[in-house]
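Visitor: Could you take me closely through a single part of this protein, one of its sheets, and then show me how that part sits within the rest of the chain?

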Amino acid sequence: MATSILAATLPFPPAWRRCRSGTAVLAAAVVLAIVPAHAQQPQSPAEARVVVTGEGSVSVPPDHATIGGGVTTRAKTAKEAADANAKLMATVMAALLDAGIAQKDIKTTQFSIQPVYAAPEPRAEPKLTGYGVSNQVNVSIREIAKTGEILDRLVTAGATDVGSIVFSVADPAAALDRAREAAVADARRKAELYARAAGLTLGRVAWITEDLGYEPPVPMGALHAAAARAKATPISTGEDTLHARITVGFDIAR
C-alpha cells in the first residue's frame, strides 16, 4: 500500500502564542495522512451494436365518421330560450333517428344557458338583453356513405351549428400491424446499409422499442360543404394514414 505525507503549519490560539514574559511561542505540527492507492480496474469493452430507427405507414379508407352539431337559441328569458331550444333539438334528434342513426351513437357534448348582454357603451353598465341556450351533440355515422345525407337532414331539421367532421377507421389494429411490419423492414434495411458501409456483419436483433407517441406532421386541409336540398351534400372522405416508428438494436456478428 502506497502512502503520502502531508505537512501543514497549524495556527494556535492567542494564549499559546505569547507567554507571561512576552516571548512568542511558535509551534508547528506535521500531520501524516495515509492514502491508499486504488488500483484501476480494467473495464469490459462496450457491446458492439448498430442502433437504427425504422418507420412504416399504411393508408386505408375510413369507415367511420363523426359529426358535431346542435342548436343555439336566444330569447328574453332563460325559460323561453330553453323551451325554443328543446323544441328544435327534438326535431333534430327525430331526424337523426329517422335517418337510421342509433340512439347510442348520439352523444350530448355541451349544454349551456348563458346571459346575453348588449354591446357595451362608454362609461355605461352592461345591459342584459336576454339569454342564450346551446345544446350540442356528436353523431357517430357507421355507414360512412350517408355522411352527406346526415348533414342535410341536420340542416333541414333546424340545426344551427353543424361541422367538425372527423373521418376515422373503426378498427385500426390490422392496418397498424402492417405499418409495424413495414417499420421493422425499414429498420433492417438501414442497419444492413450501415453495417455494409462500415465493413461489419450484422447479427441478431438485440432489442426493439416502439415510439407510441409518434405522430408525424399531417398537412391541414379544409372541408367546404354547401347544404343542398336536391341531393346529398358532397363529402370527400379521403384516406387515413396509420404510422408506426420503432428503434432497433442489432448485434454485430463476430
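Guide: Three strands make up an open sheet in the order β3-β9-β8, and their pairing is antiparallel; here strands are DSSP runs of E with at least two residues, helices are runs of H or I with at least four, both numbered from the N terminus, and two strands count as paired if DSSP finds at least two bridges between them. The edges are taken by β3 (49–60) and β8 (202–210), each of which has a single partner strand, so one side of each is left without a neighbour in the sheet. Neighbouring strands of this sheet are turned against each other by 30° on average, direction ignored, where the axes are lines fitted to C-alpha atoms (for helices over the stretch in contact) and angles run from 0 to 180 degrees between N-to-C directions. In general, strands of a sheet pair through backbone hydrogen bonds, either parallel or antiparallel.

This is a predicted model, in which local features need pLDDT of at least 70 and side-chain atom pairs count only at pLDDT 80 or more, while totals for chains, interfaces and linings use all residues. Residues are numbered from 1 along each chain as its sequence is written, and side-chain values use heavy atoms, with hydrogens and water left out.

Between β3 and strand β9 (residues 240–252), which run antiparallel, there are 12 bridges, and within this pairing V52 has V248 of β9 as its bridge partner. Helix α4 (residues 173–197) lies across β3, β8 and β9, and runs at about 145° to β3; contact here means heavy atoms within 4.5 Å.

The protein also holds an open sheet of four strands, ordered β5-β6-β4-β7 with antiparallel pairing. At its edges stand β5 (106–117) and β7 (161–168), each with a single partner strand, so one side of each is left without a neighbour in the sheet. From one strand to the next, the twist of this sheet averages 15°. Strand β5 is joined by 11 bridges to the antiparallel β6 (residues 128–141), and S112 stands opposite S134 in β6. Helix α2 (residues 78–98) lies across β4 (64–75), β5 and β6, at about 155° to β4.

As for the whole protein, it has four helices and nine strands, which follow the pattern β-α-β-β-β-α-β-β-α-β-α-β-β along the sequence. Of the contacts with a separation of 6 or more, 81% are between residues 24 or more positions apart.
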